[in-house]
Amino acid sequence: MDFWPSCGFNLLKRGADGRLVVTDDYLRLYYARPELAPVAESCGAERALHASLFEQPRRAVADPAIEAVVDADARENYRIALRFRDRMLAAATLEAFYFDLFRDDIAMPPDFIHHTAQVILRGILDGVNDGLEARAAELFFRKQRVSINDGAIMLADDETVEMHASGGGFGNLGKLLKEGRTSPRTIELDVLEEASAARYFERDERHDTVLSLNHGRPGCLALARVLERWIAHFHGVRAAVKPVREIPDEDWVWHVGLDAEATAMLNEIYNGGELEEERMKRVIGLFRVDFRDPVVMQPEVAGAPVFLGLAAAADGTLRMKPQNLLMNLPLARRT
């Protein structure tokens, strides 16, 4: 099943280890982005630079070639994009590049980082025919709008909600989600469920389906499976990820927040603090991770479960940080 065609996954190659290898055509995809593509006002130097990169995507660009570009914003865009390209080409695989961005704390444009996460996920999910898993994977790279009403936890794409909040083209769903007062019955036909999961692939780049994240529901279980795949792909270890309703004190020795809000909340509770009830209501997902082979963990926590948390920010949005699963798991060694 093909999906997310615009991310450029089909322009990449796979190495012998199954990781993704950057190609010239994949680099051309970046040069075609609006930040770099020439416009009517572009000067001759900018057009020449762009054409030369399309012809030789890996060519070194000397600073005078960038300085010759008249528009200051265009000059800065090229510097940023070429710095990103050079880091990407210096890594053996796209996964290694992504990992190193966080290990070395390298600042890069968030949109570029989110796109890299998307194309890696597209590779991880290659051959998967479950629309719920594909929709759950969007949490890794697209900001979500969270609606909690009468116990129902609904996630919709934040950009799509903003675009259609007036009701045009999205019915009342966008408006209600934006206001945070959505009734499950109001959006029943738009929520992706097991019976309608295949429909995701008919609209995969419209980002207009809603994921129910209630405990034990298909959407929550699909997210757990994507978390398993992400951990296995990057760390080469097998782990079982299961939703839980709470974290038992006797089992709580390690946790990882999957977003900034959950990280702050879990740290505060773990250190003996108490959170007000309204803030606790923003917790939208807890997961338990059990590594199949305890030897892969740091000796002091070997065999212990790791708990993951998701929480909506105060403004009702969720921006997941999948890199936390690269840097913060208690693994003895990383690949």
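1. Arg79 forms a salt bridge with Glu67, with 2.2 Å between the closest N and O atoms; the term stands for a side-chain nitrogen of Lys or Arg within 4 Å of a carboxyl oxygen of Asp or Glu. Because Arg79 belongs to helix H4 (residues 72-90) and Glu67 to helix H3 (residues 63-67), the pair ties together parts that are 12 residues apart in sequence. Helices (H or I, at least four residues) and strands (E, at least two) are DSSP runs numbered from the N terminus. Arg79 is partly exposed at 24% relative accessibility, and Glu67 is partly exposed at 42%, where buried means under 20% relative accessible area, exposed over 50% and partly exposed in between (1.4 Å probe, protein chains only).

2. A word on the basis of these values: this is a predicted model, in which local features need pLDDT of at least 70 and side-chain atom pairs count only at pLDDT 80 or more, while totals for chains, interfaces and linings use all residues. Residues are numbered from 1 along each chain as its sequence is written, and side-chain values use heavy atoms, with hydrogens and water left out.

3. The count of salt bridges comes to 27. Among them, Arg33 and Glu35 meet through their side chains at 3.0 Å, N to O, and Glu35 is partly exposed at 30% relative accessibility. Asp208 and Arg206 also form a salt bridge, at 2.7 Å, and here Asp208 counts as buried, at 8% relative accessibility. Asp130, Glu133, Arg225 and Arg229 are linked in a network of salt bridges.

4. Helix H10 (residues 218-235) has 18 residues that should span 26 Å at 1.5 Å a residue, and its end C-alpha atoms are 26 Å apart, which agrees; the expected span is 1.5 Å times one less than the number of residues. H10 is mostly covered, with 13 of its 18 residues buried. Just after H10, Gly236 takes a positive phi of about 70 degrees.

5. Five strands form an open sheet of mixed pairing, in the order S5-S6-S4-S3-S11, two strands being paired if DSSP finds at least two bridges between them. At the edges are strand S5 (191-192) and strand S11 (317-318), each of which pairs on one side only. S5 pairs with strand S6 (residues 210-212) in the parallel sense over two bridges, and Leu192 stands opposite Leu211 in S6.

6. The largest pocket holds about 620 Å³ of space. Of the 25 residues that line this pocket, Gln118, Phe141, Arg142, Glu159 and His207 are the closest to its centre. A pocket is an open set of points on a 1 Å grid over the protein atoms alone, where a 1.4 Å probe fits, with protein on both sides within 12 Å along at least five of seven lines, and lining residues have an atom within 4 Å of a point. Grid points are joined across faces, edges and corners, and a volume is the space filled by probe spheres set on the points. The largest share of this lining, five residues, comes from H8.

7. Which kinds of residue make up the lining of the largest pocket? That lining divides into six nonpolar, eight polar and 11 charged residues, whereas the lining of the second largest pocket has 18 nonpolar, five polar and three charged. Ala, Val, Leu, Ile, Met, Phe, Trp, Tyr, Cys and Pro count as nonpolar, Asp, Glu, Lys and Arg as charged, and the others, Gly among them, as polar.
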